[in-house]
Structures are given as C-alpha cells and as structure tokens.
Amino acid sequence: MHGSGNDFMLINGTEHTTRLNLDKQLIQQWSDRHTGIGFDQLLIVDHPSVADVDFDYRIFNADGSEVGQCGNGARCVAHFVHSKGLTDKETIRVRSATRIMKITRQNDNHIAVDMGSAEFEPECIPFDPSGLVVVGEQTKKKLYTMNIAGYELRFSALSFGNPHAVIRVNDVAATEVAEIGAALQAHRCFPESVNVSFARVCGSGLQARVYERGVGETKACGSGACAIAVVARLHGWFADTPHTILVHLVGGSLEVRFDKDKVELVGPAELVYEDRIEV
C-alpha cells in the first residue's frame, strides 16, 4: 500500500495467536527494492492491547528499526482493516508505540488522522541542545543553529511521537537532502536519530522533501508534513495564520488541518497489491 508515494508492507497480525517477532535482517531483506518486496516501512496490525482501542500497530523502518509513529502508515492501516473486513467502523482508534490516534474514513477515499499536538520539550523529542546556538526564548519558537557537513543549519526540533527537525530553505529541489539529512541524523543531539524535513513557502502552501531515519528520502512523510506545517505557522511563514495548509511532497500533497494546537492529517491511501509470504 502507499500514501502519497510513501509505501508500506502491511501484515495482518490478528491472524496469529501469538505476537509476530521479525528480526531486522528479514525486514531488511523484504525492504530491498531490487531483491525483495520493497517498501519504506513495514506495518503489523495487531489485536488491541488496551481498552477503547480497535487495533495496535507496529512500525518498522526499511533498516529493521522499530519506530513509534507514522501518519501515512496510520491511513494505510485504516484502509487495510476495512478492506480485510476486520472492522466496519468509519472511525477507529489505533495504538502505536507512542500514541493513540483516531482515524476517520471520508467519502472521497481520503482518510483523516488525529495526530494530536506537537511536543517541543527537548526531553520528549528526544533532543539534546547543549552546545548549540539557540535563537529565541519561547520553547516552541526556538531555532537551533549548528555547522555540520560544511553547512550552517538553522532548524526547529519537535516530536509527533517521533523526532523531527524542520529546516526552511530557498530551493527545495537544489537542497542536498541526503547529505544534510544523514549528517543531522548522526549528530549526538538526536540520540534516537531524527526525521529531517526541508521546506519552503509555495503560494498558499508548502513544498517539502523529507529524509527519514532508517529509510532515507521518501516520497512523503505524514508526521513530517505535520511538523513542517506546525513550524510554518509558529514562525509566521505566512502573512496570516491558516487553519489548513497543503504540504506538497514528492509523491503528492497532504492536507494539515488545525484546531488550536491539535493537528489532523488528511490524505489518500491506496492498495497496490496483496500476496502471501511464508516465513
């Protein structure tokens, strides 16, 4: 399945009586686009582990590392459980390693995910700003400056259940996304690595590219789109304070809606193919 080009392999863990445990090497083999199935992330849908939740789901990057959040993946999970007849609810609640999200199917085949609020406290990202030059006093509006890989970077740090760094650039297409992204991911200030987004204002929306931890550059990133839109509003990238922002990524556009500090992500989810695999 894919959401705006961000592609996933989904496994129905509810078919099994015990929790599936897949090792990193196997996930890496499956994720290889030349010799395996090929995907950005692997998602496993499980029975709920807590009350008032319809499903748990686990997220593994292409390198086999497990992560806590994926906005595009959540939309694909909603599409998956409906297509498999696992639920007939239009709105479901799913639990990842870090958050519980409400997901609603819409009439136009788009799916809305309640992403909650962004977290800016360094210990919650996690992020260690010691030794960095800081611009601004209010935590939410702080910009951090560093020289790395021959570049002087100024970025915002925040979390949507996974860590993000957002960098404003003048030309998204010409930005050295892989070089800068990999350098920032390896920096000691992000002990669990980080998803790095590069964005610019484009008309009434935002143009962006995202370099994801454990994957590399992806065609879309749902939580990344939310992080970019939040930062753009906070730092006044627009003349007004929009309630809806379109984020134009390589694989398509995602809509980020605001209700005070709460964020909703809206976009499509599409089935590419299905099969069975023996382990």
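I will start with the largest cavity, which is lined by Gln-41, Asn-61, Val-67, Gln-69, Cys-70, Gly-71, Asn-162, Asn-195, Glu-212, Arg-213, Cys-221 and Ser-223. What we are looking at is a predicted model, in which local features need pLDDT of at least 70 and side-chain atom pairs count only at pLDDT 80 or more, while totals for chains, interfaces and linings use all residues. Residues are numbered from 1 along each chain as its sequence is written, and side-chain values use heavy atoms, with hydrogens and water left out.

A cavity here is a set of points, on a 1 Å grid over the protein atoms alone, where a 1.4 Å probe fits but cannot get out; a pocket is an open set with protein on both sides within 12 Å along at least five of seven lines, and lining residues have an atom within 4 Å of a point. Volume is the space filled by probe spheres set on the points, with grid points joined across faces, edges and corners.

The whole structure has one cavity of 30 Å³ or more. The volume of the largest cavity is about 80 Å³. By class, its lining has three nonpolar, seven polar and two charged residues. In this scheme Ala, Val, Leu, Ile, Met, Phe, Trp, Tyr, Cys and Pro are nonpolar, Asp, Glu, Lys and Arg are charged, and the others, Gly among them, are polar.

The largest pocket holds about 940 Å³ of space. It is lined by 29 residues, and those closest to its centre are Met-9, Leu-10, Ile-11, Asp-275 and Arg-276. Strand E2 (6-12) and helix H2 each supply at least two lining residues, and E2 gives the largest share, six residues. Helices (H or I, at least four residues) and strands (E, at least two) are DSSP runs, numbered from the N terminus. The lining of the largest pocket has 15 nonpolar, seven polar and seven charged residues.

The second largest pocket has about 200 Å³ of space. Among its lining residues are Ser-117, Lys-140, Phe-160, Arg-233, Phe-258 and Asp-261. Helix H4 (residues 222-234) supplies the largest share of that lining, three residues. Seven of the lining residues are nonpolar, one is polar and four are charged.

Back to H2, residues 71-83. Its 13 residues span 19 Å from first C-alpha to last, close to the 18 Å expected at 1.5 Å a residue; the expected span is 1.5 Å times one less than the number of residues. How much of H2 is covered? Twelve of its 13 residues are buried, where buried means under 20% relative accessible area, exposed over 50%, and partly exposed in between (1.4 Å probe, protein chains only). Gly-71, named in the cavity lining, is one of those buried residues. After H2 comes Gly-85, with a positive phi near 70°.

Ile-245 sits in strand E16 (residues 244-249) and counts as buried because its relative accessibility is 0%. Beyond its neighbours within four places in sequence, its contacts (heavy atoms within 4.5 Å) include Leu-206, Arg-233, Phe-238 and Phe-258. Of these, Arg-233 and Phe-258 also line the second largest pocket.

Thr-175 lies in the loop between strand E12 (163-168) and helix H3 (177-185). Thr-175 is buried too, at 14% relative accessible area. With neighbours within four places left aside, Thr-175 is in contact with Val-169, Ile-180, Phe-198 and Arg-209.
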